[in-house]
Structure formats: structure tokens, C-alpha cells
Amino acid sequence: MYESTESISAIKNRKGEIKRLNSVSQVGINVREISGSNKINIQSHLSAEALFKSPEKPSSFDIEGQCHYFNFSFGQVFWLGPHEWLLSTNNDPREIAAYFKDNVSNDIALSDVTDGYCELSLEGESLLKILKQGMTCDLRDFNLEEDTESNQCVQTNFAKMPVIFWKNSKLSVNLLVRRSYADYLIDWLLEIGSEDGCEILS
């Protein structure tokens with residue numbers, strides 16, 4: 001039976017949940033589920049430059065290559081592999097399919113994977129501490145303690161779960177995790193962040 005996005009939310013019953021130890025008065029990290037966007041998996045042997053042409057198209061330098069994302073007229077496009085991308089968009093998937101059919105070619109496979117993923121925002125003073133305990137990648141290139149932009153994204157393991165990870169702003173990142181892992185990840189964040197305070201927000 002079909003369940004609405006709200007009913008399958010990873011934090012539907014956990015908003016405002018806080019774990020703290022002793023006299024901790026500040027929340028070290030806030031966790032929020034980002035909803036409302038559709039996730040479209042795109043596979044094609046065409047180049048990124050050929051696929052993502054539009055009046056607002058970034059330069060070929062920005063869209064070709066690995067371990068990064070770029071802004072497209074329909075949203076953000078994340079590099080997943082040599083011939084695979086993930087589009088995060090507020091547009092209807094049918095509109096996306098029509099666009100590629102009319103403007104690119106039929107040499108493309110689109111899959112709506114929205115229900116398969118959960119996007120989480122993590123931010124706060126304890127962010128780096130928690131990320132270092134749960135991630136295997138080098139975080140230095142993301143400059144998380146600086147108020148700078150970054151278009152890097154990485155597929156890595158976080159708390160032993162595969163995620164897509166990118167910087168949002170200073171001490172703020174987003175994680176895209178399979179929805180079947182999301183509840184476990186929330187539990188892990190509450191446990192590992194308990195020393196400094198971890199709050200689940202709506």
C-alpha cells in the first residue's frame with residue numbers, strides 16, 4: 001500500500017528529540033530532514049555537456065569530471081559515476097522526462113528514486129567532531145569551518161552506511177542516504193552526539 005512522504009519520514013515521530021549528558025546546555029548538532037524535492041537517477045553514454053545543455057548551462061569545466069555537483073536549470077546535479085548522475089529537483093518527474101526527450105535524445109534512462117532516499121541536513125558546532133568519527137573521507141578540501149562555497153560531493157561511508165555528502169555552508173552539510181538506513185543513522189547521530197547535545201528538528 002502506498003505511503004505518503006510524510007508517513008515514511010525518517011524523523012516523523014522524533015521532532016524535538018534531544019540527548020544530552022549532565023549539564024550540557026547547548027545543542028552541538030541539529031539534524032533536519034529535507035523534504036519536497038524529487039530525486040531522478042540519470043544514466044546515459046552521452047557526455048554531461050551534451051545532457052545538461054540549457055540557457056543557464058555551466059561551463060564544460062564545471063560539469064565534466066567526478067566528485068562534484070553543479071546547478072542546472074532544474075536543480076542540482078550530482079556526479080555518481082562515469083555515465084550516471086542524480087538530479088535533485090522541485091520539478092515534476094514527468095516534466096524532467098519530457099525535457100530530456102525534447103532536448104537531448106532517447107539515449108538516456110531516467111528513474112524516479114525519490115522514495116528510496118532520505119536527505120538530511122546536519123549543522124552545528126560539533127559537526128566536524130561527529131563527521132570525523134563517522135566518515136572515512138578526507139574532509140579538509142571541504143573547508144567546513146570557513147564561510148566558502150564548495151561544489152564538491154563525495155560518495156562515502158558514514159556510520160558504515162553509503163551516503164552522498166556535500167557542503168551546504170559553514171559547519172553545515174547535507175547527506176543523502178537510502179531511506180532504509182535513515183532511521184538507524186538518526187539513532188547513531190543521537191548516540192554519538194549525546195555528549196554535546198543532538199537535536200532532531202522538523
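Me: Is lysine 167 buried or exposed?

Reply: Burial is judged by relative accessible area, where buried means under 20%, exposed means over 50% and partly exposed lies in between, with a 1.4 Å probe and protein chains only. Lysine 167 has a relative accessibility of 2%, and therefore counts as buried. Please keep in mind that this is a predicted model, in which local features need pLDDT of at least 70 and side-chain atom pairs count only at pLDDT 80 or more, while totals for chains, interfaces and linings use all residues. Residues are numbered from 1 along each chain as its sequence is written, and side-chain values use heavy atoms, with hydrogens and water left out.

Me: Which backbone oxygens does the side chain of lysine 167 reach?

Reply: A polar contact is a pair of N or O atoms within 3.5 Å; within protein, one must be able to donate a hydrogen and the other to accept it, and residues adjacent in sequence count only if both atoms are side-chain atoms. Here the side chain of lysine 167 reaches the backbone oxygen of asparagine 143 at 2.8 Å and that of phenylalanine 142 at 3.3 Å. Phenylalanine 142 is 25 residues away along the chain, yet its C-alpha atom is separated from that of lysine 167 by 6.7 Å. With contact taken as heavy atoms within 4.5 Å, and neighbours within four places in sequence left aside, the contacts of lysine 167 include Tyr69, Glu146, Thr148 and Val173.

Me: Where in the secondary structure is lysine 167 found, and how many bridges join that strand, S10, to S11?

Reply: Helices (H or I, at least four residues) and strands (E, at least two) are DSSP runs, numbered from the N terminus, and two strands pair if DSSP finds at least two bridges between them. In general, strands of a sheet pair through backbone hydrogen bonds, either parallel or antiparallel. Lysine 167 is found in strand S10, residues 161-169, and six bridges join S10 to S11 in the antiparallel sense, with tryptophan 166 standing opposite asparagine 174 in S11. S10 and S11 form a hairpin with two residues between them, and leucine 171 in the turn has a positive phi of about 50°.

Me: Why is strand S11 described as largely enclosed?

Reply: Six of the seven residues of S11 (residues 172-178) are buried, so the strand is largely enclosed by the rest of the structure. S11 also pairs with strand S8 (residues 117-123), antiparallel and over seven bridges, and in that pairing cysteine 118 stands opposite valine 177.

Me: Which residues of helix H5 are buried, and what span should the helix have?

Reply: The expected span of a helix is 1.5 Å times one less than its number of residues. For the 14 residues of H5 (residues 179-192) this gives 20 Å, and the end C-alpha atoms are 20 Å apart, which agrees. The buried residues of H5 are Arg179, Ala182, Leu185, Ile186, Trp188, Leu189 and Leu190. Arginine 179 counts as buried because its relative accessibility is 18%, and its side chain reaches the backbone oxygen of tyrosine 117 at 2.7 Å and that of aspartate 115 at 3.4 Å.

Me: How many helices and strands are there in the protein, and what share of its residues is buried?

Reply: The protein has five helices and 12 strands, and buried residues make up 45% of its 202 residues.
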